[in-house]
Amino acid sequence: MAHYIVTAEYAPVKRSTSTRSERLFEFLFGEVLLSSEESGKWLKVVVPGREEEGWVLSESVAELSEKQLAEYNSMVHMKVECNGLFVKRIDSYTTLLLPPCAVMPFYNIMTGTFKVADAEYEVVSPIYWNVNISERRDRIYRAAMCYLNAPFLYKGRTNGGIDDLFLVSNALSVAFDSVPKNLAELSKFGFPLSFIEEAQLGDILLFSDLNGQLSHCGMYVGNGCVLHAAGRVRVDKVDHQGVYNSTLKRYSFQLAGIVAVE
């Protein structure tokens with residue numbers, strides 16, 4: 001077993017060693033993955049939060065030594081909190097556009113540099129964040145809104161395509177070290193609220209299907225509105241019944257729960 005860190009903008013996890021196979025997950029730049037096997041240009045990896053394995057292209061990652069892994073795990077890492085961030089590898093002309101919620105390990109706020117494996121990068125576009133804990137809800141909201149109008153993509157995690165679960169969990173990750181991996185975990189992430197009128201910016205909204213099973217989630221963004229991924233990432237009205245789709249002129253999701261994030 002070996003640990004690798006993602007050096008591409010993102011690394012899709014495929015069910016088999018084919019770029020056309022089913023997408024199981026997406027690792028973002030700067031995230032660490034565990035590999036158990038190598039097959040040609042592919043690495044077999046563990047899908048986080050699931051008893052399942054898939055494959056990523058080895059060209060999108062770099063292996064970490066035990067020392068590098070220990071250093072990585074001991075640090076609090078900065079995450080991208082804006083809609084795409086240009087960075088440049090210092091020893092080359094390689095530039096990347098990092099997606100929202102990508103990790104910048106060992107970020108130095110004085111120099112605007114960070115390190116991934118043996119490579120050092122510098123930020124070459126403006127960067128915006130606020131690490132003040134009292135601004136946690138604003139940070140979560142800002143990260144979530146980066147995905148507005150992104151197309152729905154099952155198991156996607158970038159603004160090129162994302163699903164409802166990762167829309168919420170990615171945004172939470174800018175303010176929390178550990179975030180839910182599924183809807184059941186999401187329902188237990190904070191503490192429950194009884195009424196939609198109690199919801200505040202950044203709180204989690206859960207929705208059920210006709211059988212009463214959790215099937216969808218979104219984030220409360222104020223003014224009686226929810227940000228969620230349905231066809232695309234969009235803002236719709238929400239009340240005690242659920243999400244009201246103004247285009248369809250009917251309720252499209254039934255409200256099942258409200259979770260306060262703090």
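**Figure 1. Hairpin of strands S12 and S13 in the predicted model.** Strand S12 (residues 113–116) pairs with S13 in the antiparallel sense, over four bridges. Within this pairing, Val 116 stands opposite Ala 119 of S13. The two strands form a hairpin with two residues between them. Ala 117 lies in the turn and has a positive phi of about 55°.

**Figure 2. The two faces of strand S13 and its pairing with strand S9.** In a regular strand, side chains alternate between the two faces of the sheet. In S13 (residues 119–123), Ala 119, Tyr 121 and Val 123 make up the covered face, whereas Glu 120 and Glu 122 belong to the uncovered one. Strand S9 (residues 85–89) pairs with S13 over three bridges, in the antiparallel sense.

**Figure 3. The open sheet of four strands.** The strand order is S10-S9-S13-S12, and the pairing is antiparallel. Strand S10 (95–98) and S12 stand at the edges; each has a single partner strand, so one side of each is left without a neighbour in the sheet. On average, neighbouring strands of this sheet are turned by 35° against each other, direction ignored.

**Figure 4. Packing of helix H2 against helix H3.** Two packed helices are described by the angle between their axes and the distance between the axes. For H2 (residues 136–145) and H3 (residues 164–172), the angle is about 140° and the axes are 8 Å apart. H2 is therefore oblique to H3, since the class of roughly antiparallel applies only to angles over 145 degrees. The crossing of the two helices is right-handed. At the contact, Ile 140, Ala 143 and Ala 144 of H2 meet Leu 167, Ala 171 and Leu 172 of H3.

**Figure 5. The enclosed helix H3 and its start.** Nine of the nine residues of H3 are buried, so the helix is largely enclosed by the rest of the structure. The buried residues include the polar Asp 164, Ser 169 and Asn 170, as well as Leu 165, Phe 166 and Val 168. Leu 167, Ala 171 and Leu 172, which meet H2, are likewise buried. At the start of the helix, a side-chain oxygen of Asp 163 reaches to within 3.3 Å of the backbone nitrogen of Leu 165.

**Figure 6. Surroundings of Glu 31.** Glu 31 is located in the loop between strand S3 (23–28) and strand S4 (32–39). Its relative accessible area is 12%, which means that Glu 31 is buried, the limit being under 20%. The side chain of Glu 31 makes a polar contact of 2.8 Å with the side chain of Arg 157. Beyond residues up to four places away in sequence, Glu 31 touches Tyr 4, Ile 5, Val 6, Glu 26, Tyr 72, Val 103 and Arg 157.

Figure 7. Cys 101 lies in the loop between S10 and strand S11 (103–104). Cys 101 is buried, with a relative accessible area of 1%. Asn 149 is found in the loop between H2 and strand S14 (157–158).

Definitions and conventions
Residues are numbered from 1 along each chain as its sequence is written. This is a predicted model: local features need pLDDT of at least 70, side-chain atom pairs count only at pLDDT 80 or more; totals for chains, interfaces and linings use all residues. Side-chain values use heavy atoms; hydrogens and water are left out. Buried means under 20% relative accessible area, exposed over 50%, partly exposed in between (1.4 Å probe, protein chains only). A polar contact is a pair of N or O atoms within 3.5 Å; within protein, one must be able to donate a hydrogen and the other to accept it, and residues adjacent in sequence count only if both atoms are side-chain atoms. Contact means heavy atoms within 4.5 Å. Two strands pair if DSSP finds at least two bridges between them. Axes are lines fitted to C-alpha atoms, for helices over the stretch in contact, and angles run from 0 to 180 degrees between N-to-C directions. Angles under 35 degrees count as roughly parallel, over 145 as roughly antiparallel, 65 to 115 as roughly perpendicular and the rest as oblique. A crossing is left-handed if the near helix is turned anticlockwise from the far one by less than a right angle, and right-handed if clockwise.
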